[in-house]
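The structure under discussion is shown first.

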Amino acid sequence: MDVYLPIANLAVNGFVIVGLGALTGVLSGMFGVGGGFLTTPLLIFYGVPPTVAAASAASQVTGASVSGALAHARRGGIDYHIGAVLVVGGVIGTGLGALLFRLLQALGQIDTAINLLYVIMLGSIGSLMAVESIGAVRARRTGRAQPARRRRHHPLVASLPLRWRFYRSGLYISPLAPLLLGMFTGILTMLMGIGGGFILVPAMLYILGMGVNVVVGTSLFQILFVTMATTMMHALTTRAVDLVLASLLLVGSVLGAQLGAGLAQKAKPDVLRLVLALIVLGVALRMALGLGWRPDEIFTVVSL
Amino acid sequence: MIRRAALLPAALMLGAAHPEKAGPLVLVPEVSQHEIRVEQGFTGADLLLYGAILTPEGQPVAGDYDVVVVVEGPPRAVVVREKRQVAGMWINAASSSFRSAPGFYAVASSRPVAGIVDSRTAAIYELGLDWLQLSPIGSIDPARQQRFARGLVDHMQRMGLYHEDPRAVSISHQVLYQARITLPSSVPIGDYTAETFAISKGRVLASGLTRIRVDKQGFARFIADRAEHAGLAYGLCAVALSIAMGWIAGRLFARV
């Protein structure tokens, strides 16, 4: 099935794109991540221009997070109060991201910056997840219970001025902390085409010290709105959102998400986390090799 | 001169294409498609360039000659960036700009161009990737310019947008020639020219020009047009689409 992508200016095999969407959909169903971290690089390997890939992957993440966010909303798993602060930060972040994108593009360093961000972010988060999940799997095998982590926010967060009460999360912290976190992920969303769930969730748990029962729902809530803002930002500035590409990805991902959710119920959660960690590390490694190895193409050409 | 290709009798009467390089031959070029429609399902196009070469009396040409066909896409200004290894990473370290790099460039000939004309003539008529006039901006160091020009050509060749095929033109009965040139799906849209040269003993005896327009049509054009001129509505549409699809899938899933 040949499909012409009118913004990417390229003919692609539609089944490959739907399959790619399905693959990330399975991941999002299984792990509750948007899967943007996999879609964007795979689209780039397939020949889609990086900007178009990042812009179109953002709308796929929106689609993937809608049903999850709704499900969590129904069972009260969203702290709207802290969620709103995160969204405000996220929207500011996408604006900053757009400026940064333009600056790096003018300098000719946007591709390197995106690659480096992937290596650093995915590499560090993937390693942390791998270590943690290997520990969990071992503990389960030997039958020894893991020591429960004492829930507490990071000392840096406690040092910020101005404190608000976030009842559902059980927190009394400065709103600047979630605002800055939201901004940070907003910038990443704009630059990398990711939702940022795999950064938000651990940051909410270990830096803000939020309750486990509201972390995933609130992160989906933030991702939903921030990816919407990112899509709008791209539509208005880079004009790189390819509706045809996004639709194909969406069809695949919403179908894949159902399959993934079914699989997730059969697997053990610590094994699931280990698998996700390995996938994340794999992508980071591929990106690192891309930076370190002599590329096939020393020269690249961009329109002025 | 622009309409020459379309007006066949006029072309016959006028004789060779360029008065300043008028040879004794008449060249009538034609192309299988004057308009290439880039629409949904477009995977590239095969252009057939054909025509006749005759003496002014309408007789086949007596001696041997070669034919070179050059198809050139719309020129654009580009930046060429060169990667170097810095601190273990390959990053863009140097760049050079060119004012007019064609978005598409293909040369088809009846045998390798180097055997048909000398380098001076090849440079004048831009017959081949080595002779493209890219109009560099800024840098005046010729070695550096050449390195970046090579890099540009190499990149475009990998993208399938520049190519040379020294066997793609066939000549039958000393009168008719035909050449096939493939355009990939990623061809830039715009106005293309196809110029045909009849060359003998290193001299251009006749040349003729036809024009081809590559344009987005139908749905592809609609989408590209909306994205460019109605960013707000387009973005809202993309957001609405993704929410609707995610929501519908969620509802369907919840029912099962």
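## The β12–β13 hairpin of chain B

In this predicted model, β12(B) and β13(B) form a hairpin in which two residues lie between the strands. One residue of the turn, B:Lys201, has a positive phi of about 50°. The two strands, β12(B) and β13 (residues 203-216) of chain B, run antiparallel and are joined by 11 bridges. Within this pairing, B:Gly190 stands opposite B:Val214 in β13(B).

Strand β12 (residues 190-200) of chain B is also joined to strand β4 (residues 66-72) of chain B, by seven bridges in an antiparallel arrangement. Here B:Val71 has B:Ala194 of β12(B) as its bridge partner.

## A four-stranded open sheet

Chain B also contains an open sheet of four strands, ordered β1-β3-β11-β10, with antiparallel pairing. β1 (26-31) and β10 (169-172) of chain B each have a single partner strand and stand at the edges, so one side of each is left without a neighbour in the sheet. From one strand to the next, the twist averages 20°.

B:Val169 has B:Ala179 in β11(B) as its bridge partner.

## Contact between chains A and B

On the two sides of the contact, 50 residues of chain B touch 45 residues of chain A. The elements of chain B that give two or more residues to its side are β5 (75-86), β6 (89-102), α4 (142-158), α5 (218-229) and α6 (231-255). Of these, α6(B) gives the most, with 15 residues. By class, the side of chain B that touches chain A has 25 nonpolar, 17 polar and eight charged residues.

Strand pairing also extends across the two chains: strand β5 (residues 299-303) of chain A and β5(B) run antiparallel and are joined by five bridges. In this pairing A:Val301 stands opposite B:Val80.

Neighbours within four places in sequence aside, B:Trp90 is in contact with A:Leu291, A:Arg294 and A:Pro295, and with B:Lys83 and B:Gln85. Is this residue buried, exposed or partly exposed? B:Trp90 has 19 other C-beta atoms within 10 Å and is therefore partly exposed, since burial requires 20 or more.

## Helix packing in chain A

Helix α3 (residues 50-74) of chain A and helix α10 (residues 243-266) of chain A have axes that come within 9 Å and cross at roughly 35°. The crossing is right-handed. On α3(A), the contact is made by A:Val52, A:Ser56, A:Ser59, A:Gln60, A:Gly63 and A:Ala64. On α10(A), the contributing residues are A:Leu245, A:Ala246, A:Leu249, A:Leu250, A:Ser253, A:Val254 and A:Ala257. The residues of this contact comprise eight nonpolar, five polar and no charged.

Helix α11 (residues 269-292) of chain A has 24 residues. From first C-alpha to last, α11(A) reaches 34 Å, close to the 34 Å expected at 1.5 Å a residue. Its buried residues are A:Leu276, A:Ala277, A:Val280, A:Ala284 and A:Met287. An α-helix has 3.6 residues a turn, so residues three or four places apart point the same way. The elements covering the buried residues of α11(A) include α1 (14-31), α2 (36-45), α5 (110-142) and α8 (197-208) of chain A.

How values were computed:
Residues numbered from 1 in each chain as written. Chains lettered and ligands numbered in written order. Predicted model: local features only at pLDDT ≥ 70, side-chain atom pairs only at ≥ 80, totals over all residues. Axes fitted to C-alpha atoms, helices over the stretch in contact; angles between N-to-C directions. Left-handed = near helix turned anticlockwise from the far one by under 90°. Contact = placed C-beta atoms within 7 Å. Nonpolar A, V, L, I, M, F, W, Y, C, P; charged D, E, K, R; others polar. Expected span 1.5 Å × (residues − 1). Buried ≥ 20, exposed ≤ 12 C-beta atoms within 10 Å, placed from the backbone. Pairing = 2+ DSSP bridges.
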